[in-house]
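Keep the model open beside you as you read.

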Amino acid sequence: MLFNPDICQKFVKFCESETEALKADQALVCGACDFLVTKQIPNLVKDCLSLCVTPQDGRALVEILHQRGINVRYLNRVIECLNQKPSLLYLKRIAVIEILIRSAKHVFKQYLQEVDPMLLSVGVAHFLNCLLTNCSNLNPLTGVDEQVLKLNKNKKGKKKPKNLRESPGVQRLQILRSFCSMVGIQLLLRDYQLTPPNGAKHHTKPVFQTEDIISLYPVVKHLHPHATDAYHYFTTGQARISAGHLQEGFELINESLSLLTGVYGPLHPDIGACNRLLARLSYVMGEHQAALLFQHRATMISERVHGVDNPNTTTEYVSYWHDLM
């Protein structure tokens, strides 16, 4: 099924002879939007309530949305559904932070193009101070202050917090970490006091200094090679496990692990997922030593691939501790 991505763009003009085809394309796009809003997003919320999926950060949330065909632009719809679910407050906080850092990313990219290359560290530090702190004596830079303030403006007719940074449960340190990871900022490792001390409303001096900006590194989007046969074995194994055939599912997942290792090498997130699933199967079937071995591999792979402070690595360590007990 093909969609016309320009059907709702006001600045795109079509030929008058294509009127009927355009109406059909518009109806198709509107139908897809209605399906996402009325079916896919509520089903996602239900799966989160039943713990079928548990996104732990913005990246995992976006990945789950894409797996279900939901665009990131529908995050506001997701938040509207989450407002009615108090038990999913953590997921709402993740979605709000994701909206904030993606909005800031667009402003940051436009702003950075106007900064002199010799003054990049000054510009980045000033942007972070404007975005995350309440320092009242910042020297304004051309263009940045006006653009950052746009992030906090409310749309008419909608009730929203005056400042997304002050939304309940939103931590500025988490925003800083996610934003730097998304745009490629490497900061000096130290404790940043993003909240004014002693209950004050404003910082007495800028939190981010020029010396705190170590470097900027490129963030490149790319597609990973897809091991078709390996993923076929993996999905088939999951289906057999769901049907109750644990041994057969174990063999299929193990075959998938061998194929993935041959394609990607020893370190890859999907290889860690296979080891994690094999560990759970081994534990259920009573093979505790094998479960411990597979979970240890999954933990080490996650630590190497994602980093020691990634939520996935934390989950792997919890599972490893559970197997040890």
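What follows starts with the whole chain and then moves to its core, its aromatic rings and a few individual residues.

First, some ground rules. This is a predicted model, in which local features need pLDDT of at least 70 and side-chain atom pairs count only at pLDDT 80 or more, while totals for chains, interfaces and linings use all residues. Residues are numbered from 1 along each chain as its sequence is written, and side-chain values use heavy atoms, with hydrogens and water left out.

The protein chain contains 12 helices and two strands. Here helices (H or I, at least four residues) and strands (E, at least two) are DSSP runs numbered from the N terminus. Along the sequence, the order of elements is α-α-α-α-α-α-α-β-β-α-α-α-α-α. Of the 325 residues in the protein chain, 37% are buried; buried means under 20% relative accessible area, exposed over 50%, and partly exposed in between, with a 1.4 Å probe and protein chains only. Contacts (heavy atoms within 4.5 Å) also say something about the fold: among those between residues at least 6 apart in sequence, 59% join residues at least 24 apart.

The axes of α5 (residues 120-132) and α7 (residues 172-183) come within 11 Å and cross at roughly 145°. Such axes are lines fitted to C-alpha atoms, for helices over the stretch in contact, and angles run from 0 to 180 degrees between N-to-C directions. The α5 and α7 crossing is right-handed; a crossing is right-handed if the near helix is turned clockwise from the far one by less than a right angle, and left-handed if anticlockwise. On the α5 side, the residues are Phe-127, Leu-128 and Leu-132, and they meet Arg-172, Ile-175, Leu-176 and Phe-179 in α7. Sorted by class, this contact has six nonpolar, no polar and one charged residues. In that sorting, Ala, Val, Leu, Ile, Met, Phe, Trp, Tyr, Cys and Pro count as nonpolar, Asp, Glu, Lys and Arg as charged, and the others, Gly among them, as polar.

In soluble globular proteins, nonpolar side chains tend to be buried together. A nonpolar core, as used here, is a set of buried Ala, Val, Leu, Ile, Met, Phe, Trp, Tyr and Cys residues joined through side-chain atoms within 4.5 Å. The largest one has 26 residues, and those with the most contacts inside it include Phe-108, Leu-128, Leu-176, Phe-179 and Leu-187. At least two of its residues come from each of α4 (89-112), α5, α7 and β1 (185-187), and α4 gives the largest share, seven residues. Leu-187 shows how far its contacts reach: leaving out residues up to four places away in sequence, Leu-187 touches Leu-128, Leu-176, Cys-180, Tyr-192, Phe-208, Asp-212, Ile-213 and Ile-214. There is also a second, separate core of 22 residues, with Leu-36, Leu-44, Ile-64 and Ala-95 among them.

Now for the rings. Rings of Phe, Tyr and Trp (its six-membered ring) pair if their centres lie within 6.5 Å; planes under 30 degrees apart count as stacked, over 60 as edge-to-face and the rest as tilted. This rule gives six aromatic pairs. Phe-108 and Phe-179 make an edge-to-face pair, 5.5 Å centre to centre with 80° between the planes. Phe-108 sits in helix α4 and Phe-179 in helix α7, 71 residues apart. Phe-108 is buried, at 4% relative accessible area, and Phe-179 is buried too, at 1%. Phe-127 and Phe-179 form a stacked pair, 5.8 Å centre to centre with 15° between the planes. Phe-127 lies in α5 and Phe-179 in α7, so this pair ties together parts 52 residues apart in sequence. Ring pairs link Phe-108, Tyr-111, Phe-127 and Phe-179 into a cluster.

Finally, look at Ala-125 in helix α5. Ala-125 counts as buried at 4% relative accessibility. Beyond its neighbours within four places in sequence, Ala-125 contacts Phe-208, Gln-209, Thr-210 and Ile-213.
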